[in-house]
Amino acid sequence: MAAPSLPSRARVVIIGGGIIGCSVAYHLAHMGWTDVVLLERDRLTSGTTWHAAGLVVTFGSTSETMMGMRIYSRDLYARLEQETGLSTGFNPVGFIEVATDRDRLEEYRRVSAFNRLCGVDVHEISAKEVKELFPIARTDDILAGFYVKEDGRGNPVDITMSLAKGAKMQGARIFEQVAVKDVLVERGEVRGVETSHGTIEAEYVVNCAGMWARQLGERSGVTIPLQAAEHYYLITEAMPEIRRDFPVLEDPASYTYLREEGGGLMVGLFEPVCAPWKVGGIPESFSFGEIPPDWDRMTPYLERAMSRIPGSTEVGVKKFFCGPESFTPDLAPIVGEAPEVKNYFVGAGLNSIGIIIGGGVGRVLAHWIVNGRPDVDVTGINIDRFHSYQRNPAYRRTRTVESLGMVYKCHYPTRSMKTARDAKRSAIHDRLAGQGAYFKDVSGWESPDWYAPPGVEPRVDKLSWGRMNWFPYWVAEHRACREGVILMDMSFMAKFLVQGRDAGKVLNWISAGNVDGKAGRVTYTQWLNAGGTIEADVTVTKLGDERFIVVASDTAHRHAETWLRRHVGDAHAFVTDVTSGYAQINIQGPRSRELLQSLTTHDLSAEAFPFRAVADIDIGFARALCLRITYLGELGYELYIPSEQATHVYDQIIAVGDRFGLRHAGLKALASLRMEKGYRDYGHDIDNTDSVLDAGLGFAVSMKKRGGFLGKEAVAAQKAAGPLHQRLLQILVKDPKPLMHHAEIVYRDGARVGYIRAASYGHTLGGAVGLAMIDAGEPLDRAWIEAGAWEVDIAGARYPAIASLAPLYDPKNLRVKS
């Protein structure tokens, strides 16, 4: 075979010719970027795409971004043949998800309501109706089915080939049998690729190398913590009673999806405990290979799955297939620009839904590359959510065992991953364990979720959508903060020291608020992009003219750090990640001043140390940076303590704690306290698609500060455009019984106007409370809110609610500033 004639340069080089790589090429070309080269080391679809099951399903997610990608992909596959002349094999045979227990029934009812809001026509059907649609299924234990007539199945190879042809028709070039040896990087930015047939200069590189993506990324220092695992499906011999127009049937409780294949039955499996494959590295020579199936390990799962179709055990087995699929630590895709290398994009780690969202992922990445920022919320899928330790072999081997099994678990809102734990501990971890802490995984940190009372083992008796055994402990912690004083460990928060002559100038440019004023002040602010939408939600503390501390949430750690570093440029400013260097202990509540004053000689009176004040104070033998600020809606203080002195400070606090009724509080209390006050949490109730005004954070913007700020023009334009039609509102359910978690639908006068982005329970307010972005379609003001009757759909039942622009708890900040 003659060597391919590669171009010497291209604007974009895409690595990998599976569904994702071809989709990125297709969408870039359709957006007018035709100087695109796709390189495939073997043949298109090699690796994973070729053996995918081909489900094309929209039902199942409570993420607006994931739903958008699912719907877009299905619609793209349906129309692609008209454009390219190549069939995708898409056949809308329908899809049914069955619930066989009460908890799954509640989950799917919640999912259905959200999916309908997103435009999916989901119908809850009876067991009898399931039987009518899939006559050979056993339905005696089915409580309900959830049916989407427009979903179905496609041919993964045909879809990929059609996308590839569509890309080439627009001018993109595709080369097979060309391996990429390395991505060329200079001064932290992409310069091109080195291939088996020479070098190509490039402005952008997109790593769509599937299960090889991690290995390729490591050569450039890019963290892509995916891991291949064994994935199985069985195909039976022909069954006369099966018809090709049978819908896809998914039965998560039996670990299976079922569909017709070649006149027989395909029985796909997502077993609860999986087997990672080739943790040390995927062989370069592996392409269209298979893994010898482990019959002994898989037989019990097969038997359970096939029991849904009694006749399936009476026919022969045509094929028991095992092939590798890539999974990520949190079961979400890895998409976006790598924080380590500018213009190095990644689309990988699809967790067995590469066909389902492949079209959408390609569109999102193409838009991101062409326009410089994404047009959808990417906080849950952005590559920069991961940390380097997560690519360690031991971590991947341990976590992947659980990740695959999570596909078909009941997705309880309070579930925390159990594997690959104890990666990070705060300096006072052992002290907190001694106080009865129940720890959860918080971006790798072990952080207390709640505390069991003395003599009670801190454990979860049974996961549920309702009140669990720890609910009373949570109530007590919440009330202790509202009425007395609590201690909360928040060492997981991301902390950055910014120093240099230009530190204030850099921070003031990227901050919408004025953060470079008087020293000894903490400022709550947002970092915006040029479009005026939010990139980070932080506090900036000015310690001196050339010294600042920036604090961001744990989930935004690397995103905030990358945004900051990339805006330093040639300025005399230096960024140091000091997260591990400081423990963060928060003392909050109306008695917090009394308690802390008993430990320090520094004057903490309201006059000497007002809200937003900052000082270096003495506590015992230690020094602590003390910020008078709160995320809980009460008088309170945040203490930043050198890690080596954290236990000493903790012990000093505990020694006087009983005098003030001190109680430990965990993250459940953090959630309920901040939600009652309407405080925002980036990546949960605000994201990169929200303008600072829509998010209700205009008070934190300084339009008149000297020098302006990044995104000012966009904010000014929105202000000039007139009254806002979309705003983030606080929603309180009047009935004290139901719980909200996320994605519940909000109604005004019987019409859907938005959904709950994040929620908790307002123990002080007396009901479930959340934040929802509401689209009024007209000026949204207090009068519009008060003129409507508000309701929330919770698992299929509607409950009256209150909507408010102002915080329902302490709207005038009297307690915070007391």
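An open sheet of 6 strands has the order 29-30-31-28-22-32, with mixed pairing; strands, like helices, are DSSP runs numbered from the N terminus (E, at least two residues, for strands; H or I, at least four residues, for helices). The model is predicted, so local features need pLDDT of at least 70 and side-chain atom pairs count only at pLDDT 80 or more, whereas totals for chains, interfaces and linings use all residues. Residues are numbered from 1 along each chain as its sequence is written, and side-chain values use heavy atoms, with hydrogens and water left out.

- Two strands count as paired if DSSP finds at least two bridges between them.
- Strand 29 (614-619) and strand 32 (663-664) are the edge strands, and each pairs on one side only.
- Strand 22 (residues 486-489) pairs with strand 28 (residues 582-588) in the antiparallel sense, over 4 bridges.
- Within this pairing, M488 has N586 of strand 28 as its bridge partner.
- Helix 15 (residues 646-660) lies across strand 22, strand 28, strand 29, strand 30 (622-627), strand 31 (636-642) and strand 32.
- The direction of helix 15 runs at about 15° to strand 28; axes are lines fitted to C-alpha atoms, for helices over the stretch in contact, and angles run from 0 to 180 degrees between N-to-C directions.

- Another open sheet has 3 strands in the order 19-21-20, and its pairing is mixed.
- Strand 19 (424-425) and strand 20 (437-442) stand at its edges with a single partner strand each, so one side of each has no neighbour in the sheet.
- Strand 20 pairs with strand 21 (residues 445-451) in the antiparallel sense over 6 bridges, and F439 stands opposite P448 in strand 21.
- Helix 16 (residues 667-677) packs on this sheet, touching strand 20 and strand 21, and its direction makes about 70° with that of strand 21.
- S443 lies in the loop between strand 20 and strand 21 and has a positive phi of about 50° although it is not a glycine.
- S443 is partly exposed, with a relative accessible area of 27%; buried means under 20%, exposed over 50%, and partly exposed in between (1.4 Å probe, protein chains only).

**Nonpolar cores**

- A nonpolar core is a set of buried Ala, Val, Leu, Ile, Met, Phe, Trp, Tyr and Cys residues joined through side-chain atoms within 4.5 Å.
- The largest such core has 81 residues, of which I14, L28, F59 and V206 touch the most other members.
- Helix 8 (residues 354-371) supplies the largest share of this core, 9 residues.
- Apart from this core lies another of 65 residues, among them I96, V98, I125 and V346.
- Leaving aside neighbours within four places in sequence, F59 is in contact (heavy atoms within 4.5 Å) with residues including R70, F95, Y108, F146 and D151.

**Helix 5**

- Helix 5 (residues 156-169) has 14 residues and reaches 20 Å from its first C-alpha to its last.
- That reach is close to the 20 Å expected at 1.5 Å a residue, where the expected span is 1.5 Å times one less than the number of residues.
- The buried residues of helix 5 are P156, I159, T160, S162, L163, A164, G166 and A167.
- Their cover includes helix 1 (19-30), helix 2 (64-84), strand 8 (173-176) and helix 8.
- At the start of helix 5, a side-chain oxygen of N155 reaches to within 3.0 Å of the backbone nitrogen of V157.
- G171, which has a positive phi near 115°, follows helix 5.

**T195**

- T195 lies in strand 10 (residues 189-195) and is buried, with a relative accessible area of 4%.
- A polar atom of the T195 side chain lies 2.9 Å from the backbone nitrogen of H197.
- A polar atom of the T195 side chain lies 2.6 Å from the backbone oxygen of G198.
- Neighbours within four places in sequence aside, T195 is in contact with L6, L39, V178, A179, V180 and K181.

- D749 is in the loop between strand 34 (745-748) and strand 35 (751-762).
- D749 has a positive phi of about 50° although it is not a glycine, and is partly exposed, with a relative accessible area of 47%.
- R782 is found in helix 18 (residues 782-786) and is exposed, with a relative accessible area of 60%.
- R782 and A806 are 24 residues apart in sequence and 9.4 Å apart in space, C-alpha to C-alpha.

Note on methods: Polar contact = N/O pair within 3.5 Å; in protein donor to acceptor, adjacent residues only side chain to side chain.
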